[in-house]
Amino acid sequence: MAISWKSTFNEYDCLFTPYHFLNVLLCICFYVTKTVEPLCHFLYGSDTKCFINEREYQIMLLMGIMIFVKNKRAIAFSFCKVANFALFCCNSSLYGILYAAAAITVSVFFPQPAYTGLESVIYFRGNSPLDEIAKNKDVVWLIEFYANWSAPCHYLAPVFAKISVKYSLPNFKFGKIDVGRYSDEANKLNISTKVTSSALPTLILFRDGKEVKRIPKVTSNGRTTRYHFTEENIIRDFDLNNILLDCKRQSKTSSGHIKSD
């Protein structure tokens with residue numbers, strides 16, 4: 001049981017950060033101020049009834065539906081804060097402005113923390129990462145195209161790291177390319193680097209130096225399809241188990257040739 005608790009904590013300890021704590025407070029801020037009587041009367045007047053009215057309930061319900069549909073923590077925080085801002089503005093424009101200032105302050109001084117755990121990932125720093133990948137034809141690459149400002153990329157980081165540790169081999173490598181630094185490389189692969197881009201993160205599998213598969217997929221009209229980046233989905237959709245077996249066989253074959261020589 002102790003091992004189970006330890007593994008569970010290690011998996012979720014990244015959530016116990018000032019970023020997450022403060023964003024949770026911002027998400028429940030309006031509800032607390034409107035339902036806790038001493039605080040409610042102090043902020044909205046002694047005659048105010050301390051409960052969520054129908055209009056406020058509808059806004060909160062819409063917020064909950066959007067969070068459920070998106071199913072991403074970073075986007076959930078964004079929807080929560082927008083909804084809270086709207087709710088505060090409905091009651092007092094001053095409170096709306098103060099809430100917006102608090103939300104901006106938190107986002108500036110407490111950004112989403114970067115992943116610092118165990119990984120087997122190569123971060124490309126050279127002049128042309130795609131040329132480097134093309135030259136290593138004996139290596140299968142799974143590359144993540146990411147941006148430091150992208151919240152979905154931050155949430156993929158521990159998943160990608162875990163997969164890299166599990167599957168990495170000398171001839172099966174995992175890498176990351178920062179599209180902010182290598183925007184030309186991203187453009188060559190039709191990966192949008194705009195702040196509003198839904199193409200980040202993008203995972204691309206390279207064999208013999210060429211792209212063979214990518215997630216998320218891009219439709220014929222240029223739209224990026226939705227994808228849920230879980231460990232199970234990535235392993236299944238890229239068929240990583242079979243790639244691992246193939247790479248192990250190739251490695252043994254190469255070793256056998258070297259010994260015979």
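Helices (H or I, at least four residues) and strands (E, at least two) are taken as DSSP runs, numbered from the N terminus.

## Basis and overall composition

The structure is a predicted model, in which local features need pLDDT of at least 70 and side-chain atom pairs count only at pLDDT 80 or more, whereas totals for chains, interfaces and linings use all residues. Residues are numbered from 1 along each chain as its sequence is written, and side-chain values use heavy atoms, with hydrogens and water left out.

The chain contains eleven helices and five strands. Of its 261 residues, 37% count as buried; the term buried denotes under 20% relative accessible area, exposed over 50%, and partly exposed in between (1.4 Å probe, protein chains only). A contact is defined by heavy atoms within 4.5 Å. Among contacts between residues at least 6 apart in sequence, 65% join residues at least 24 apart.

The five strands form an open sheet in the order 1-3-2-4-5, with mixed pairing. Two strands are said to pair if DSSP finds at least two bridges between them. Strand 1 (121-123) and strand 5 (210-215) are the edge strands, each pairing on one side only. From one strand to the next, the twist averages 25°; axes are lines fitted to C-alpha atoms, for helices over the stretch in contact, and angles run from 0 to 180 degrees between N-to-C directions.

Strand 3 is joined to strand 2 by seven bridges, and these two strands run parallel. Within this pairing, Leu142 has Phe174 of strand 3 as its bridge partner, while Ile143 is partnered with Gly175 of strand 3. Strand 1 also runs parallel to strand 3, with three bridges between them, and Tyr123 stands opposite Lys176 of strand 3. Strand 3 is mostly covered, since six of its seven residues are buried.

Strand 4 and strand 5 run antiparallel and are joined by five bridges. Asp208 is a residue other than glycine.

## Helix 8

Helix 8 (residues 151-167) comprises 17 residues and reaches 25 Å from its first C-alpha to its last, close to the 24 Å expected at 1.5 Å a residue. The expected span is 1.5 Å times one less than the number of residues. A kink of about 35° is located at Ala157, shortly before the proline Pro158; the bend at a residue is the angle between axes fitted to the seven residues ending there and the seven starting there.

Helix 8 lies across strand 1, strand 2, strand 3 and strand 4, and runs at about 160° to strand 3. Its buried residues include Cys153, His154, Tyr155, Leu156, Val159, Phe160, Ile163 and Tyr167. Ala157, the site of the kink, is also among the buried residues of helix 8.

## Nonpolar cores

A nonpolar core is a set of buried Ala, Val, Leu, Ile, Met, Phe, Trp, Tyr and Cys residues joined through side-chain atoms within 4.5 Å. The largest core has 22 residues, of which Phe172, Ile234 and Leu240 touch the most other members. At least two residues of this core are supplied by each of strand 2 (140-146), helix 8, strand 3 (172-178), strand 4 (202-207), helix 10 (231-237) and helix 11 (240-260). Helix 8 provides the largest share, five residues.

Leu240 touches Leu142, Ile163, Tyr167, Phe172, Ile234 and Ile235, not counting residues up to four places away in sequence.

## Backbone features in the loops

A cis bond joins Leu200 and Pro201, with omega about 0°; Pro201 is placed in the loop between helix 9 (183-188) and strand 4. The peptide bond from Ile215 to Pro216 is likewise cis, with omega near 0°, and Pro216 belongs to the loop between strand 5 and helix 10.

Asn190, although not a glycine, has a positive phi of about 60°. Asn190 lies in the loop between helix 9 and strand 4 and is exposed, with a relative accessible area of 65%.
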